[in-house]
Amino acid sequence: MNHLHRDLAPISDTGWDAIDGEAKGRFTTYLAARKLVDFSGPNGWTHSATNLGRIEEISGPSEGVTAAQRRVLPLVELRAAFNISRVQLDDADRGASDIDLEELDEAIRQIAIGENVAVFHGYEAAGIQGITESTSHAPVVHGEDMSKYPTAVATAVDALRQSGMDGPYGLAICPSTYTRIVETTEHGGHLLLDHLHQILGGPLVWAPGVDGGVVLSLRGGDFILDSGQDLSIGYLSHDADVVRLYLEESFSFRVLEPDAAIALRSGT
Amino acid sequence: MASEGLHEPRDLLDEASVDHHRAVTSLCEELEAIDWYDQRVKATSDDSLAAVLAYNRDDEKEHAAMTLEWLRRRDPALDANLRKFLFTTEPITEVGAASDDGDAASLPVGSGSLGIGSLKGADR
């Protein structure tokens, strides 16, 4: 047994398969940051900090001795609890393939948005500087007219290229703008989505938690998500009616090259 | 065609899966080359040729290691197993038997970790 204490949960292998399968399928949709930044690890639950390779000078312990302390970025632990009905778990054991996992689905959405927000916009309490906070570029401002959206994306791509940031490029985009992009056709009936793919050379990623959009280089080595424990499901408690579980992960995030991303903002 | 080795129709596979196939194929080719060079080193009676072939053989090992590392970074289950078995000194079968050591990184998928890892390339 490990710290997740799954063996203590009154859940059969069939029940765990249903829960884990549901979680894995939905996370793949929600985890936008992992589709665009480098993922390092997982390095395990005991991995506590990311090495920054820097020091901070401090006063020496005694006369004639100088000292410096290593700087590290501690990993943050994110957790989202949820309940599973024991009636639903019993149904899964009977062969039901449509059991209600609504609370799990909401917890997945919440923790995935937490990861996305930390990566793209930062998480001050955890010491994480997000991509839009770290970028050296001024944001590209675009209007509400979606026919001009390709110009904004092309402007952002050009700014990255002018800075020496090679492609392909990816675009993380808030759900409302993503929907408008998918709905829009340009002159000649061409899909706006296809046009943006051509400009970027990489993916447009539906990114819940992102404010506006972020264009970034996918050449690698610029943005690192350092994973301790990757997303896992653990056990908290149970009674006659429900089993209380939680989603958990630990990670840090660093921007190594501030020139490699640029924000898109709606405005006039 | 990038590779003749796809087992499923190309239009059913995403780019990440095709890249994974490319890397696996490349790794197989590097390992096969190591084996072939090694046999030639052992077979030749010309010491100078053996030295060249041995040099080339060991160069392939670098290529294989680089490709394996590319795969590890994108495959949490492979990552967990490499972390479990590589650079250990106990008998290998004993390392395998002692898998439930309490570290999530070493756990197989289904024992806590969802094994999601990197999704880079999944949305191309």
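The model is predicted, so its local features need pLDDT of at least 70 and side-chain atom pairs count only at pLDDT 80 or more, while totals for chains, interfaces and linings use all residues. Residues are numbered from 1 along each chain as its sequence is written, and chains are lettered from A and ligands numbered from 1 in the order in which they are written.

Let's begin with chain A as a whole. Its C-alpha atoms fill a box of roughly 75 × 60 × 30 Å along the principal axes. Chain A has 7 helices and 12 strands; helices (H or I, at least four residues) and strands (E, at least two) are DSSP runs, numbered from the N terminus. Of its 268 residues, 41% count as buried, where buried means that 20 or more other C-beta atoms, placed from the backbone, lie within 10 Å of a residue's own. Two residues are in contact if their C-beta atoms, placed from the backbone, lie within 7 Å. Among contacts in chain A with a separation of 6 or more, 76% link residues 24 or more positions apart.

Now look for the open sheet of 5 strands in chain A, whose order is β5-β12-β8-β6-β7 with mixed pairing. Two strands pair if DSSP finds at least two bridges between them. In chain A, β5 (140-142) and β7 (204-206) stand at the edges with a single partner strand each, so one side of each has no neighbour in the sheet. Within this sheet, β6 (residues 169-173) and β8 (residues 213-217) of chain A run antiparallel and share 5 bridges. Along that pair, you can find L171(A) opposite V215(A) in β8(A).

Next comes a hairpin. β10(A) and β11(A) form it, with 3 residues between them. The two strands are antiparallel and joined by 6 bridges, with β11 of chain A covering residues 242-255. Here S232(A) faces E248(A) in β11(A).

Finally, where does chain A meet chain B? The contact takes 28 residues from chain A and 19 residues from chain B. On the chain A side, α1 (13-30) and β10 (232-238) each supply at least two residues. α1(A) gives the most, with 6 residues. This side of chain A divides into 13 nonpolar, 9 polar and 6 charged residues. Ala, Val, Leu, Ile, Met, Phe, Trp, Tyr, Cys and Pro count as nonpolar, Asp, Glu, Lys and Arg as charged, and the others, Gly among them, as polar.

Methods
Buried ≥ 20, exposed ≤ 12 C-beta atoms within 10 Å, placed from the backbone.
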